[in-house]
Amino acid sequence: MFHPAKNRSKSREIRTVPPLDAAALDRLALRYVERFATTRSRLAHYLVRKIRERGWDGDPADPAALAEKLADLGYIDDRAFGEARAAAMGRRGLGKRRVAGALHQAGLVEEDRDAIVPAVEDRALETAMAFARRRRIGPFAAVRAERAEREKHIAAMIRGGHDFTLARRIASLGPGEALDSSD
């Protein structure tokens, strides 16, 4: 009786991947920016990891220079990446601290981060309310939270990157109550 799986495993050999060279690294970088929105820093880290995994053949590689070259060609735009990431995080209800941390981790330079963060601060109330809606906190809860549960809600909002004062104001609201701007 013919068993395709058994025959396939006998003919399959372990293939060794050749070490990278300059042309292969260029192809790898282009393929990465084609598939993913990224920053120069992330691309450089990815290329360093690939060189470490597969080895290198030829003159010393400079992944940072390759990432810079792709940015100059317009394949990578750190500012646009940061703005898109900040907007997506804002829609999820995450606050300024979480957004700033994510932009820093993505490798955005301070100049780009400083240009993006004020827009996040302007939407602080909107994103905090979105977070509260998603987590059923304060005005979006079924019942008014007791003190212990309210403290957990405040802690969750702080972990979400929101300001303590704003988190406390929202968590203290009862179901259906509106947030007064005079508070």
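H153 touches R136, I137, A145 and A171, leaving aside residues up to four places away in sequence. The model is predicted. H153 sits in helix α9. Its relative accessibility is 13%, so H153 counts as buried, the cut-off being under 20%.

**Helix α9**

Helix α9 spans residues 147–159 and has 13 residues. From first C-alpha to last, α9 reaches 18 Å, close to the 18 Å expected at 1.5 Å a residue. H153, I154, A156 and M157 are buried in α9. These residues cover an arc of only 160° around the axis, which puts them on the same side of α9. R147, A148, K152 and R159 are exposed on the other side. The buried residues of α9 pack against α8 (124–135) and α10 (164–171). After α9 comes G161, with a positive phi near 100°.

| Residue | Touches within 4.5 Å |
|---|---|
| H153 | R136, I137, A145, A171 |
| M157 | A128, F131, I137, H162, A167, I170 |

**Nonpolar cores**

Which residues have the most contacts inside the largest nonpolar core? They are V99, L108, F131, I137, M157 and I170, in a core of 23 residues. At least two residues of this core come from each of α5 (78–91), α6 (96–105), α7 (110–122), α8, α9 and α10. A second, separate core has 17 residues, including A24, L28, L43 and I51. In soluble globular proteins, nonpolar side chains tend to be buried together.

Notes: Residues numbered from 1 in each chain as written. Predicted model: local features only at pLDDT ≥ 70, side-chain atom pairs only at ≥ 80, totals over all residues. Heavy atoms only, no water. Helix = DSSP H or I, 4+ residues; strand = E, 2+ residues; numbered from the N terminus. Expected span 1.5 Å × (residues − 1). Buried < 20%, exposed > 50% of the residue type's maximum accessible area, 1.4 Å probe, protein only. Arc of directions from axis to C-beta. Core = buried A, V, L, I, M, F, W, Y, C linked by side-chain atoms within 4.5 Å.
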